[in-house]
Amino acid sequence: MIKTLPAEPIAIRSVEAFVFRYPVRTPVRTSFGIMRDRPAVFVRITDGEGAVGWGEVWCNFPACGAEHRAALVLSVLAPLLEGKRFEGGPAQAFDKATAQTAVLAIQSGEPGPLAQSIAGIDLALWDLCARRAGQPLWRYLGGANGHIPVYASGINPDDPAAIALAQRAAGHLAFKLKIGFDADRDVLNVQALRHALGDDAPLMVDANQAWSLEEACGMAERLDGFGLGWLEEPLRADRPWHEWQALRSRSSIPLAAGENLAGLDAFDEAMQSQALSVVQPDAAKWGGISGNWSVIARLFDAGLRFCPHYLGAGIGLSASGHLLAAAGGGGLLEIDSNPNPLRTDLCPALGRIEDGFIELGESPGIGVEPNLERLAQSIRSG
């Protein structure tokens, strides 16, 4: 059972947003789209006494999304929060921002971008509170230690075995392959990874909502003999849960989803379906820590596994790691295997992956103090 979130008062002086883009040499491919650069929106919040916290807003898609979400932070949310005091801490600020933008989200047709912007603000507020307390975020949230298991994610369909072996050399023991491109190619790629990594290596696959129920059932049957840890988002996230239940009944591979769910009701419905074995909320996409804390408690009560989704930059990844460490439960943290200084420069724990684990350390907050000027230089020279 996870602990109750702290509720120390916080007064917000300023809310800032910064956009960065890293121009990748090799595009990151999914079944629904290609990332030709790696965007990031970082949020910096300063309280009335000058303490600072950092958060990150999910902005991978569409390609122009980063600038748009930064504008939402600055033009919509900053005026709601600046100069305000929240006696109940970040969770109260999260609830207020969500409630006060609920009608706007409907009117604008943008519940996702607004929720993502609020999530980044929430992460910054929790980082600020932990820094102010002089504690790493995982301990501030009630965790026992900062030692967490990780897996190499974002393995593209082009020569995946070489990528996975390089990640194993870097310290990873578990891996996740992108599929959902072509059925025969997907199966050959899984087969290649199994051959390269051996039968005992934890191996998962992510279809990124690629298939219909009929296609998913067919692919699950073809993938059944590879000992997969989970099959992620084989169906569209908006498909009815009876389809997910039908797929589960026809496959022995555990099903995983959650990055595209938003709100307690949506997660409750997912858990009540009993279709999922692994639940993967993305704290920079919806909920931050305040919203996802209740989700995690409920999925633990349901006997499910919490493995946070993350495929962005280092601030959100660090926050996700601290959230996993605080919650416990033995889940894995997702680590993108594609080059990106916006991730590696802002997540110091990634510098040392040993036997599939990282150590988040004892530095206050999420453990990183971003130097925006140095980061911009790193991108230019990378």
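**Before the views.** A residue counts as buried when its relative accessible area is under 20%. Keep that cut-off in mind for strand β5 (residues 52-57), where five of the six residues are buried. One more thing to know: this is a predicted model.

**View 1. The whole chain, to get your bearings.** You're looking at a chain with 14 helices and 15 strands. Its radius of gyration is 20 Å, close to the 21 Å that the globule rule gives for 382 residues, so the chain is as compact as a globular protein of that length. Along its principal axes, the C-alpha trace spans about 60 × 45 × 40 Å. Buried residues account for 58% of the 382 residues. If you take contacts between residues at least 6 apart in sequence, 73% of them join residues at least 24 apart.

**View 2. The hairpin of β4 and β5.** Here strand β4 (residues 38-47) pairs with β5 in the antiparallel sense, over six bridges. To find your place in the pairing, look for F42, which stands opposite E56 in β5. Four residues lie between the two strands, and in this hairpin G50 takes a positive phi near 95°. As for β5 itself, the strand is mostly covered.

**View 3. Strand β9 and its parallel partner.** Strand β9 (residues 203-206) has cover on both faces. L203 and V205 are buried on one side, while M204 and D206 are buried on the other. The partner shown is strand β8 (residues 175-178), which pairs with β9 in the parallel sense over four bridges. A handy spot to start is L177, standing opposite V205 in β9.

**View 4. Helix α10 and what covers it.** Which residues of helix α10 (residues 264-273) are buried? They are F267, D268, A270, M271 and S273.

Note on methods:
Residues numbered from 1 in each chain as written. Predicted model: local features only at pLDDT ≥ 70, side-chain atom pairs only at ≥ 80, totals over all residues. Heavy atoms only, no water. Rg over C-alpha atoms; globule rule 2.2 N^0.38 Å. Buried < 20%, exposed > 50% of the residue type's maximum accessible area, 1.4 Å probe, protein only. Contact = heavy atoms within 4.5 Å. Pairing = 2+ DSSP bridges.
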